[in-house]
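The following exercises ask the reader to examine a structure by hand. Each task is followed by a solution in steps.

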Amino acid sequence: MTNDVDICYDRDPANIERLAAALTELRARLRGVDEDVPFRLDATTLAKGQNFTFTTEFGALDVLSLPAGVKDFNELAVNAAEFDLGDGVVAPVCDLDDLLRMKRAAGRPKDRIELEILSAVREERDRDRR
């Protein structure tokens, strides 16, 4: 729906090392920044920052340690649901209510549009659960 993928990551140093390796494998580069702007994609850089927007060979990827409206990864992990991405890959996905809260807090025009759609999805989900 948004033409990108957002991930929220745990700031544990070992996890940041794995994230840097994965981003390198995806050939991630900063989105919206000239190619000649120096940027070192490594664990040290990720640890010094919080939120990054990248372009990868598979599309846009937002890497967030502090998404709007939530404290951190651990707050999202509590309510996350397992989602089968196929080929044996299962990933935790944030709860719809948490996503709505983050979109409200971000407050950008595109988030407000997505809020209407996501709210309708929640209403349908809740109706199906009854």
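**Exercise 1. Locate R27, and state whether it is buried or exposed.**

Step 1. R27 is found in the loop between α1 (13-25) and β2 (29-30). Helices (H or I, at least four residues) and strands (E, at least two) are DSSP runs, numbered from the N terminus.

Step 2. The model is predicted: local features need pLDDT of at least 70, side-chain atom pairs count only at pLDDT 80 or more, and totals for chains, interfaces and linings use all residues. Residues are numbered from 1 along each chain as its sequence is written, and side-chain values use heavy atoms, with hydrogens and water left out.

Step 3. R27 counts as exposed because its relative accessibility is 59%. The cut-offs are under 20% relative accessible area for buried, over 50% for exposed, and partly exposed in between (1.4 Å probe, protein chains only).

Step 4. Although R27 is not a glycine, its phi is positive, at about 55 degrees. Most residues other than glycine have a negative phi.

**Exercise 2. Describe the place of D87 and its phi.**

Step 1. D87 belongs to the loop between β5 (81-86) and β6 (89-93).

Step 2. D87, which is not a glycine, has a positive phi of about 55 degrees.

Step 3. With a relative accessible area of 85%, D87 is exposed.

**Exercise 3. Determine where A28 lies and which residues it touches.**

Step 1. A28 lies in the loop between α1 and β2.

Step 2. The relative accessibility of A28 is 14%, so A28 counts as buried.

Step 3. Not counting residues up to four places away in sequence, A28 touches L23, L41, F54, T55 and T56. Contact here means heavy atoms within 4.5 Å.

Step 4. From A28 to D111 there are 83 residues in sequence and 24 Å in space, C-alpha to C-alpha.

**Exercise 4. Carry out the corresponding analysis for A68.**

Step 1. The loop between β4 (59-64) and α3 (73-79) holds A68.

Step 2. A68 counts as partly exposed, because its relative accessibility is 32%.

Step 3. Leaving aside neighbours within four places in sequence, A68 is in contact with M102, A105 and A106.

Step 4. A68 and L99 are 31 residues apart in sequence, and their C-alpha atoms are 9.9 Å apart in space.

**Exercise 5. At what angle do helix α4 and helix α5 pack, and which residues make the contact?**

Step 1. Helix α4 (residues 96-106) and helix α5 (residues 109-129) pack at about 160 degrees, with their axes 9 Å apart. Axes are lines fitted to C-alpha atoms, for helices over the stretch in contact, and angles run from 0 to 180 degrees between N-to-C directions.

Step 2. That angle makes α4 roughly antiparallel to α5, a term for angles over 145 degrees.

Step 3. On the α4 side, the contact is made by L96, D97, L99, L100, K103, R104 and A106. On the α5 side, D111, E114, L115, L118, S119, V121, R122 and R125 take part.

Step 4. By class, this contact has seven nonpolar, one polar and seven charged residues. Ala, Val, Leu, Ile, Met, Phe, Trp, Tyr, Cys and Pro count as nonpolar, Asp, Glu, Lys and Arg as charged, and the others, Gly among them, as polar.

**Exercise 6. How many helices and strands does the protein chain have, and what pattern does it follow?**

Step 1. The protein chain has five helices and six strands.

Step 2. Along the sequence, the pattern is β-α-β-α-β-β-α-β-β-α-α.

Step 3. Of the 130 residues in the protein chain, 27% are buried.

Methods
Parallel < 35°, antiparallel > 145°, perpendicular 65-115°, else oblique.
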